[in-house]
Amino acid sequence: MPTPLLTASVTVWCAAPGATGAAGWLSRDEGLRAATFRHEEDRRRFVTGRALVRAALGERLGVDPADVTIRRGRRDGASPGRPFVEGAPSFSIAHAGGWVLVAVVGTVTSSRGVAGDATSDGDPDLAAGVDVGVDVESTAPARDHLRDLLDAVPPEEVPVGGWDAVTFTRSWVRREAVLKAVGTGLLAPRDDLLLSRADRPAAVVRSGGALPAADRLAVSDVGLPEGTPRATGSVVRGGPDDGTSSLAAVALCAPHHPPALGTVTLCAGSTLLARHGAGATARLGLP
Ligand SMILES: CC(C)(COP(=O)(O)OP(=O)(O)OC[C@H]1O[C@@H](n2cnc3c(N)ncnc32)[C@H](O)[C@@H]1OP(=O)(O)O)[C@@H](O)C(=O)NCCC(=O)NCCS
């Protein structure tokens, strides 16, 4: 009998940095870490990411955001660094420029892979076996440092016509999303993961080393709303004046079953935070 395919929906909460009122939700360790950032913008991005996690998972668990305990390390203790919340679905944080993204696994359904025979609907035990990763990057670093970055991605991912800032950034966010879902982050050697060419739809082509097999991974591009979120209010249409844009990707890792991305829903983090009195950060034209 074939191993059932797990299809997971993912919610991606999007916000601008600056969750007013959420600093009080931070744990002691998070507060200490927040105090170490040299740049105020980095501190705001960190606090907003943690606030979105606390608000989203607090709602899922039925507890106050301040009572959500975020730990680091994998649930099986295998990998340092990865944040998780005991008893809650997998989540992932990414921040870059004006964007803070938090992806959370939603409903997970299992299919035998033949004739769409769904055997389970929204089973929490299945959800526990699926980890999510998300990444967002501005194209500005690739534009400014492309020559220095070329070795960071396998040559097989180079699009027809060669790299430019957009295609390189697309490959990069796909890669980081997958490696966050796995939990190694960028500690994984470059050539242990080969993704589809940057000008083709996102897919995992090959994986090796300590990474799960390619059929235990899934990746998809995420289209962010046009414009740049601002902490003070509405989206600034048309993106930054310098012609750069921000790209994002989301990935799944399910060590025991082949995973597939179901619906990926972008939601306004400002609405989520406002529900908990943490202040609106930006209106992004999202539900
Ligand atoms: C994880 C990593 C890919 C993040 O990339 P980045 O571009 O610096 O930052 P991003 O904004 O995209 O992502 C940051 C988030 O990644 C998450 N993260 C960190 N380590 C992670 C890991 N091993 N697996 C999954 N997610 C991880 C964190 O939630 C972090 O946000 P937070 O600090 O606000 O909680 C990168 O830092 C990395 O690979 N680091 C080395 C590997 C590692 O895990 N080191 C931890 C040593 S304790």
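**Helix pair and main pocket**

The crossing of α1 and α2 is right-handed, meaning the near helix is turned clockwise from the far one by less than a right angle. This is a predicted model, where local features need pLDDT of at least 70 and side-chain atom pairs count only at pLDDT 80 or more, while totals for chains, interfaces and linings use all residues. Residues are numbered from 1 along each chain as its sequence is written, and side-chain values use heavy atoms, with hydrogens and water left out.

**The α1–α2 pair**
- Helix α1 covers residues 28–36 and packs against α2 at about 155°, with the axes 8 Å apart (lines fitted to C-alpha atoms over the stretch in contact; angles run from 0 to 180 degrees between N-to-C directions).
- That angle makes α1 roughly antiparallel to α2 (over 145 degrees).
- From α1, Glu 30, Arg 33 and Ala 34 meet Arg 43, Phe 46, Val 47, Arg 50 and Arg 54 of α2 (heavy atoms within 4.5 Å).
- Sorted by class, that contact has three nonpolar, no polar and five charged residues.

**The largest pocket**
- About 570 Å³ of space sits in the largest pocket (an open set of points on a 1 Å grid where a 1.4 Å probe fits, with protein on both sides within 12 Å along at least five of seven lines).
- Its lining has 24 residues, with Arg 72, Gly 81, Pro 83, Ile 93 and Lys 180 nearest the centre (lining residues have an atom within 4 Å of a point).
- β4 gives the largest share of that lining, five residues.

Definitions and conventions: Grid points are joined across faces, edges and corners, and a volume is the space filled by probe spheres set on the points. Helices (H or I, at least four residues) and strands (E, at least two) are DSSP runs, numbered from the N terminus. Angles under 35 degrees count as roughly parallel, over 145 as roughly antiparallel, 65 to 115 as roughly perpendicular and the rest as oblique. Ala, Val, Leu, Ile, Met, Phe, Trp, Tyr, Cys and Pro count as nonpolar, Asp, Glu, Lys and Arg as charged, and the others, Gly among them, as polar.
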